[in-house]
Amino acid sequence: PPSNGNSPTPSSRLKNGSFTGQDFPNQYGDVQVQVVISGGRITDVVALQYPTDRPQSAYISSQALPLLRQQALQVQSAQIDGVSGATFTSYSYYQSLQSALSQAGG
């Protein structure tokens, strides 16, 4: 069939740059992320703050943060699944990521 010229486009065009999300505390510590946008896509998510005050918190963060970053890069939004066993950190990560993306126009 002939093309009608309507190619799929992202629902929200993100501005290029680095955007720092708000700091969202939870009972284990604060989580704050910075998102990097290039070519209108999320290319990196850097955790600036995360729970490390107790050994267990530090361990959970070390396991969960790479997975949360991977999820955000995969879905290209804040609509991450989170990580089992790191519910509070996952939720604070989601909130901070959402606030960073809203600054980028998402």
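Biologist: What makes strand E1 and strand E3 a pair, and in which sense do they run?

Modeller: The model is predicted. Strand E1 (residues 17–20) and strand E3 (residues 29–38) share 4 bridges in the antiparallel sense. Two strands pair if at least two bridges lie between them, so these strands are called paired. Within this pairing, Ser18 stands opposite Val36 in E3.

Biologist: How many bridges join strand E2 to E3, and how many residues lie between them in the hairpin?

Modeller: Strand E2 (residues 24–26) is joined to E3 by 3 bridges and runs antiparallel to it. As the cut-off is at least two bridges, E2 and E3 are therefore a pair. Their hairpin has 2 residues between the strands, and Asn26 stands opposite Gly29 in E3.

Biologist: What makes E3 and strand E4 a pair, and which residue in their hairpin takes a positive phi?

Modeller: E3 and strand E4 (residues 41–49) have 7 antiparallel bridges, and the threshold is at least two, so they pair. Gln34 stands opposite Val46 in E4. In the hairpin, with 2 residues between the strands, Gly39 has a positive phi near 65°.

Biologist: Which residues touch the most other members of the largest nonpolar core?

Modeller: They are Val35, Ile37, Val45, Tyr93, Leu97 and Leu101, out of 21 residues in that core. E3, E4, helix H1 (55–75) and helix H2 (87–103) each give two or more residues to this core.

Biologist: Which residues does Leu97 touch, leaving aside those up to four places away in sequence?

Modeller: Leu97 touches Val33, Val35, Val45, Ala72, Ser77 and Ala78. Each counts as a contact because heavy atoms lie within 4.5 Å.

Notes
Residues are numbered from 1 along each chain as its sequence is written. This is a predicted model: local features need pLDDT of at least 70, side-chain atom pairs count only at pLDDT 80 or more; totals for chains, interfaces and linings use all residues. Side-chain values use heavy atoms; hydrogens and water are left out. A nonpolar core is a set of buried Ala, Val, Leu, Ile, Met, Phe, Trp, Tyr and Cys residues joined through side-chain atoms within 4.5 Å. Buried means under 20% relative accessible area, exposed over 50%, partly exposed in between (1.4 Å probe, protein chains only).
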